[in-house]
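Have a look at the sequence and the model first, then read on.

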Amino acid sequence: MKKEWIYLIFKKFWKLQFIIFLLVAFHTILTLIDPYLIKILIDEAIIPKNFKKLIFVLIFLTFF
């Protein structure tokens, strides 16, 4: 039976595809940090007027 071209491409480049998958997953996790920090900024710094935490989170968001 003749192998399909998609199977041949996957078989040839499976290591590269796995590395790309890991990089995309890592990037997705990193993009979730900003919304979490904004949640902390609003819930724990702005509403209770905690200026130390406000400055810390703003510096963290600025440099990262």
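Does Phe60 count as buried, partly exposed or exposed, and at what relative accessibility? Phe60 counts as partly exposed, at 30% relative accessibility. For these labels, buried means under 20% relative accessible area, exposed means over 50%, and partly exposed is in between (1.4 Å probe, protein chains only).

## Ground rules

This is a predicted model, where local features need pLDDT of at least 70 and side-chain atom pairs count only at pLDDT 80 or more, while totals for chains, interfaces and linings use all residues. Residues are numbered from 1 along each chain as its sequence is written, and side-chain values use heavy atoms, with hydrogens and water left out.

## Overall layout

The protein has 4 helices and 0 strands, and along the sequence the pattern reads α-α-α-α. Its radius of gyration is 21 Å, well over the 11 Å that the globule rule gives for 64 residues, so the protein is more spread out than a compact globule. (That radius is taken over C-alpha atoms, and the globule rule is 2.2 Å times the number of residues to the power 0.38. Helices are DSSP runs of H or I with at least four residues, strands are runs of E with at least two, and both are numbered from the N terminus.)

Along the principal axes, the C-alpha atoms fill a box of roughly 70 × 20 × 10 Å.

Helix H3 covers residues 33–46, which makes 14 residues. From first C-alpha to last, H3 reaches 18 Å, close to the 20 Å expected at 1.5 Å a residue (the expected span is 1.5 Å times one less than the number of residues). The buried residues of H3 are Leu37, Ile40, Leu41 and Ala45, and they pack against helix H4 (51–63).

Those residues turn up again in the largest nonpolar core, whose 6 members are Leu37, Ile40, Leu41, Ala45, Leu54 and Val57. H3 and H4 are the elements that give two or more residues to this core, with H3 giving the most, 4 residues. (A nonpolar core is a set of buried Ala, Val, Leu, Ile, Met, Phe, Trp, Tyr and Cys residues joined through side-chain atoms within 4.5 Å.) Leaving out residues up to four places away in sequence, Ala45 touches Ile40, Asn50, Lys53 and Leu54, where contact means heavy atoms within 4.5 Å.

Lys49 sits in the loop between H3 and H4. Its phi is near 60°, a positive value in a residue other than glycine. Lys49 counts as exposed, at 61% relative accessibility.

## Phenylalanines of H4

The count comes to 1 aromatic pair. The rings of Phe56 and Phe60 have centres 6.4 Å apart and planes at 25°, so the pair is stacked. (Rings of Phe, Tyr and Trp, the last by its six-membered ring, pair if their centres lie within 6.5 Å; planes under 30 degrees apart count as stacked, over 60 as edge-to-face and the rest as tilted.) Phe56 and Phe60 are 4 residues apart in helix H4, so about one helical turn separates them. Phe56 is exposed, with a relative accessible area of 57%.
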